[in-house]
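Let's sit down with this structure and learn to read a few of its features. Bring your questions, and we will take them one by one.

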Amino acid sequence: MIEFADAAMSLVGALAWQRPAELMLPCRVEMLDATGLRSIDAEQWDGLASDALEDNPWLSRQMVLAGLDAFGAEVGLRALALYRHGSDQLIGLLPFRVRGAGAMGVGKVALNIYQVAGTPLVAREHAQLAMMGLFGVMAQAPGLPRHWVFPHVAAESAFIEMARTKARRLGLELGMAATYRRPVLTRAAGDFAGHVAGVIGRKRAKDIERNLRRLAKEGEVRFERVNEPAPVAQRVEDFLAIEAAGWKGKRGTALLSCPADADFARRAFGGRGAGQGLASVDSLLLDGMPIAVSVNIAAGATLFTPKCAFDERYRKFGPGMALEYMVIEAFFAGDRYERMDAATTVDGHVIGGLWGETRTMGTLVVGPAGMTTRTLVAGIDAVARGKRAIKRVLGRG
């Protein structure tokens, strides 16, 4: 563990040419390796994730430790942990890796391919302190890169607004690259009937309801949401089996196609290992058996829906769309969540037609104001465009 600063301590002689006031950190910042990250107090980490400035379950304890346990990617992993002065209260967390070396090195939030939000965890109540400490270290700490990259960050959010203010004070520049639109569901329509009328459309709603009536001729049809660890674990297994039996299984991209990926899903969504209680699973049941499954993960007031699959034997009944229709109805019937987030990473997801709203996401780039940072933004943009072009050629857009 390296402690960067205490209550009134500057960042040492290499930066002494700057005014001392600019070197002060308003909170205690520690740099941890993977072992140190694992040792963070569970209650503190869980509390930070549940009341962060920007809801992000992908950096929760359950998710991060699931990735470490399943993929064993501990080499090179570091984390900045921020604490209030004079206490052990965790107010910020950024797991990261460094790509490259020297002046060309870039710090990048540590995410695996299943973690689709890179916003650092920042305590809502102490956001000003945590953000100034985080950006101060990113801008000035000896031995760390001057450029930082955060994939899958909302382009307009409380975090971005505060980041702009802190960046200007420290001579940093923000850029957003590789943007895309992610579907979100809010309560803007007021209730389910209003959402059907204004977003889904009555004709489409009637088509879905007709398919549900047709499906009911095959057996008993009902919607199920499970939250308790044991039934969640069972429905995660059902999801894995359904996904593997479909086109992803044939292509070799289903979670069960790779033991480590399946292990991650069971730990991250099924609540094994690091913790339980963040995940829930929605299912469309036919005679008690799931034929469509949506795996959810919650943080704060947001329910994310990263994984879904349907039994392709029932394709003619549209079970995937029917389940989403029921999920929307359940969202408006309850008051636990203010919004839902589709957790997608590309434009044009089919669920957008049912949810009706989108949020601009992208890769946040932070670095010294000037051409080098802008060039990094342009390079990330170019890579993203190239990947999209390849997907179009392969028919996987």
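**Reading rings and cores**

A: Let me start with one side chain: Trp148 is buried, as its relative accessible area is 1%. Keep in mind that this is a predicted model.

Q: Which ring pairs with Trp148, and how are the two planes set?

A: A pair of aromatic rings is described by the distance of the centres and the angle of the planes. Here the partner is Phe96: the centres are 5.1 Å apart and the planes stand at 65°, so the pair is edge-to-face. Phe96 belongs to strand E4 (residues 90–99) and Trp148 to strand E7 (residues 147–154), so the pair ties together parts that are 52 residues apart in sequence. Phe96 is buried too, with a relative accessible area of 0%.

Q: How many aromatic pairs does a search of the whole structure find?

A: The search finds eight. One of them is formed by Phe71 and Phe264, and this pair is stacked, with 5.5 Å centre to centre and 25° between the planes. Distant parts of the chain are linked here, since Phe71 sits in helix H3 (residues 61–71) and Phe264 in helix H10 (residues 259–268), 193 residues apart.

Q: Where does Arg187 lie relative to a ring?

A: Arg187 lies over the face of Phe331, at 4.2 Å from the ring centre.

Q: What about the largest nonpolar core: which residues touch the most other members?

A: A nonpolar core is read through the contacts among its members. This core has 56 residues, and those touching the most other members are Leu37, Trp45, Leu80, Leu93, Phe135 and Phe150. Helix H4 (residues 127–140) gives the most to this core, with nine residues. A second, separate core has 29 residues, including Leu212, Leu323, Ile328 and Met340.

Q: What does Phe150 touch beyond its sequence neighbours?

A: Leaving out residues up to four places away in sequence, the contacts of Phe150 include Leu94, Val109, Met138 and Leu364.

Technical notes: Residues are numbered from 1 along each chain as its sequence is written. This is a predicted model: local features need pLDDT of at least 70, side-chain atom pairs count only at pLDDT 80 or more; totals for chains, interfaces and linings use all residues. Side-chain values use heavy atoms; hydrogens and water are left out. A nonpolar core is a set of buried Ala, Val, Leu, Ile, Met, Phe, Trp, Tyr and Cys residues joined through side-chain atoms within 4.5 Å. Buried means under 20% relative accessible area, exposed over 50%, partly exposed in between (1.4 Å probe, protein chains only). Helices (H or I, at least four residues) and strands (E, at least two) are DSSP runs, numbered from the N terminus. Contact means heavy atoms within 4.5 Å. Rings of Phe, Tyr and Trp (its six-membered ring) pair if their centres lie within 6.5 Å; planes under 30 degrees apart count as stacked, over 60 as edge-to-face and the rest as tilted. A charge sits over a ring if NZ of Lys or CZ of Arg is within 6 Å of the ring centre and within 35 degrees of the ring normal.
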